[in-house]
Amino acid sequence: TADLEPALAAPKALLYFTAPWCGPCKFFGPLVEEFKNNHPEIMVVNIDTDEKNDLCGLYGVKGIPTVISLEFGAERARHTGMIMGDVDLKLVSMFGA
């Protein structure tokens, strides 16, 4: 969709599917924001699943939090649920680094 055009064109993008009522997302969200600040070369897009349910269907997201790494719009990796341990390292590794 038009909302994602910049992310789909970016060399690296991370889609973060979340919702305001999601307990784990409230913990995970600030970690994703920290990742965004630490890695300006990766475009991070927060997607509220209540507002953008069509994107959940498009990407087959059935649970949250979910993160999907993209390279020029192609899915490289995904993770659903909390990430334990070094979140930054895990998210970077989703891009093959």
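My notes follow, from the whole chain down to single residues.

**Ground rules.** I'm looking at a predicted model, where local features need pLDDT of at least 70, side-chain atom pairs count only at pLDDT 80 or more, and totals for chains, interfaces and linings use all residues. Residues are numbered from 1 along each chain as its sequence is written, and side-chain values use heavy atoms, with hydrogens and water left out.

**Overall layout.** I started with the secondary structure and got 4 helices and 4 strands. (Helices are DSSP runs of H or I with at least four residues, strands are runs of E with at least two, and both are numbered from the N terminus.) Going along the sequence, I read the pattern as α-β-α-β-α-β-β-α. The radius of gyration, taken over C-alpha atoms, is 12 Å, close to the 13 Å from the globule rule for 97 residues, so the chain is as compact as a globular protein of that length. That rule is 2.2 Å times the number of residues to the power 0.38. The C-alpha trace spans about 30 × 30 × 20 Å along its principal axes.

I found 39% of the 97 residues counted as buried. (Buried is under 20% relative accessible area, exposed is over 50%, and partly exposed is in between, with a 1.4 Å probe and protein chains only.) I also looked at contacts, meaning heavy atoms within 4.5 Å. Among those between residues at least 6 apart in sequence, 66% join residues at least 24 apart.

**The cores.** Which residues touch the most other members of the largest nonpolar core? I noted Leu-14, Tyr-16, Phe-28, Phe-35, Val-67 and Leu-91, out of 17 residues in that core. β1 (13-18), α2 (23-38) and α4 (87-93) each give two or more residues to this core, and α2 gives the most, with 4. A second, separate core has 14 residues, including Ala-7, Ile-47, Ile-68 and Leu-70. (A nonpolar core is a set of buried Ala, Val, Leu, Ile, Met, Phe, Trp, Tyr and Cys residues joined through side-chain atoms within 4.5 Å.) I then checked Tyr-16: leaving aside neighbours within four places in sequence, its contacts include Cys-25, Phe-28, Val-32, Ile-47, Pro-65 and Val-67.

Lys-36 sits in helix α2 and is partly exposed at 36% relative accessible area. Not counting residues up to four places away in sequence, Lys-90 touches His-79 and Ile-83.

**Loops.** Is Thr-49 buried or exposed? Thr-49 is buried at 8% relative accessible area, in the loop between β2 (43-48) and α3 (53-59). Beyond residues up to four places away in sequence, Thr-49 touches Phe-17, Thr-18, Ala-19, Cys-56 and Ile-64. Ile-64 also turned up in a cis peptide bond with Pro-65, with omega about 0°. Pro-65 is in the loop between α3 and β3 (66-71). My last stop was Phe-72, in the loop between β3 and β4 (74-80). Phe-72 isn't a glycine, yet I read a positive phi of about 50° there. Phe-72 is exposed, at 59% relative accessible area.
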